[in-house]
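Work through the exercises below with the sequence and the model open. Each task is followed by a solution in steps.

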Amino acid sequence: WQKTRPDQDDHRGWIFGNPDSKDTLTNSEGRGGPFPSAYPGNDAEPLFGSKAIRDLYDRAGDQGGKYSVPVLWDKKKNTIVSNESAEIMRMLHTEFNSFSDRGDLDLYPEDMRESIDEVNSWIYENL
């Protein structure tokens with residue numbers, strides 16, 4: 001978490017890695033670090049070079065919302081399709097199998113749906 005626009009406001013949020021930067025990062029509250037500006041799994045944003053997830057929300061026209069992750073991005077329409085994890089998992093299970101090398105992988109198995117939905121409802125409300 002870092003200030004997403006330190007010159008404009010105090011908002012703190014998710015930032016993408018910057019492998020070209022020699023700077024180190026500290027926790028925005030001063031509680032931790034220094035951390036590298038990029039490490040495996042925190043790569044640069046590949047489409048627009050966005051610094052923060054907030055930049056993608058702005059690009060999609062959502063400038064007053066909660067800038068949350070994960071984000072499922074539509075590259076053709078340049079907008080956010082969804083930012084709700086359970087919904088994204090269901091979409092990956094039903095809408096994208098034809099694009100996958102593992103189209104047979106069931107991310108939302110029928111016999112586990114009730115349990116998955118129960119856990120998701122608890123997570124969504126409590127985290």
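## Exercise 1: Contacts and the core

Leu 56 touches Phe 16, Glu 45, Phe 48, Ser 50, Trp 73 and Ile 80, with residues up to four places away in sequence left out. The model is a predicted one.

Task: state which residues form the largest nonpolar core, and which element gives the most to this core.

Solution. 
1. The largest nonpolar core has 6 residues: Phe 16, Ile 53, Leu 56, Tyr 57, Tyr 67 and Trp 73.
2. The element that gives the most to this core is α1, with 3 residues.
3. In general, nonpolar side chains in soluble globular proteins tend to be buried together.
4. Among the contacts of Leu 56 are Phe 16 and Trp 73, and both of these residues belong to the core.

## Exercise 2: A serine in a loop

Task: locate Ser 50, decide whether Ser 50 is buried or exposed, and list what Ser 50 touches.

Solution. 
1. Ser 50 is in the loop between β4 and α1.
2. Its relative accessibility is 10%. The cut-off for buried is under 20%, so Ser 50 counts as buried.
3. Leaving out residues up to four places away in sequence, Ser 50 touches Phe 16, Glu 45, Asp 55 and Leu 56.

## Exercise 3: Aromatic pairs

Task: classify the pair of Phe 48 and Trp 73, then the pair of Phe 96 and Phe 99.

Solution. 
1. The structure holds 3 aromatic pairs, including the two treated here.
2. For Phe 48 and Trp 73, the ring centres are 5.8 Å apart and the planes are at 70°. Planes over 60 degrees apart count as edge-to-face, so this pair is edge-to-face.
3. This pair links distant parts of the chain: Phe 48 is in the loop between β4 (35-36) and α1 (53-59), Trp 73 is in strand β5 (residues 72-74), and the two are 25 residues apart.
4. Phe 48 is partly exposed, at 26% relative accessible area, whereas Trp 73, at 15%, counts as buried.
5. Phe 96 and Phe 99 have 6.3 Å between centres and 45° between planes, and this pair is tilted.
6. Phe 96 is partly exposed at 31%, and Phe 99 is exposed at 66%.

## Exercise 4: Charges over rings

Task: state which arginine lies over the face of Phe 48, and which over the face of Tyr 108.

Solution. 
1. Arg 59 lies over the face of Phe 48, at 3.7 Å from the ring centre.
2. Arg 90 lies over the face of Tyr 108, at 5.8 Å from the ring centre.

## Exercise 5: Helix α2 and the largest pocket

Task: list the buried residues of α2, say what they pack against, and describe the largest pocket.

Solution. 
1. In helix α2 (residues 85-94), Ala 86, Ile 88, Met 91 and His 93 are buried.
2. These buried residues pack against β5, β6 (79-82) and α3 (113-126).
3. The volume of the largest pocket is about 480 Å³.
4. Its lining has 17 residues, of which Lys 66, Ser 68, Val 69, Asn 83 and Tyr 124 lie nearest the centre.
5. The elements giving two or more residues to this lining are α2 and α3, and the largest share, 3 residues, comes from α3.

Key
Residues are numbered from 1 along each chain as its sequence is written. This is a predicted model: local features need pLDDT of at least 70, side-chain atom pairs count only at pLDDT 80 or more; totals for chains, interfaces and linings use all residues. Side-chain values use heavy atoms; hydrogens and water are left out. Rings of Phe, Tyr and Trp (its six-membered ring) pair if their centres lie within 6.5 Å; planes under 30 degrees apart count as stacked, over 60 as edge-to-face and the rest as tilted. Helices (H or I, at least four residues) and strands (E, at least two) are DSSP runs, numbered from the N terminus. Buried means under 20% relative accessible area, exposed over 50%, partly exposed in between (1.4 Å probe, protein chains only). A charge sits over a ring if NZ of Lys or CZ of Arg is within 6 Å of the ring centre and within 35 degrees of the ring normal. Contact means heavy atoms within 4.5 Å. A nonpolar core is a set of buried Ala, Val, Leu, Ile, Met, Phe, Trp, Tyr and Cys residues joined through side-chain atoms within 4.5 Å. On a 1 Å grid over the protein atoms alone, a cavity is a set of points where a 1.4 Å probe fits but cannot get out, and a pocket is an open set with protein on both sides within 12 Å along at least five of seven lines; lining residues have an atom within 4 Å of a point. Grid points are joined across faces, edges and corners, and a volume is the space filled by probe spheres set on the points.
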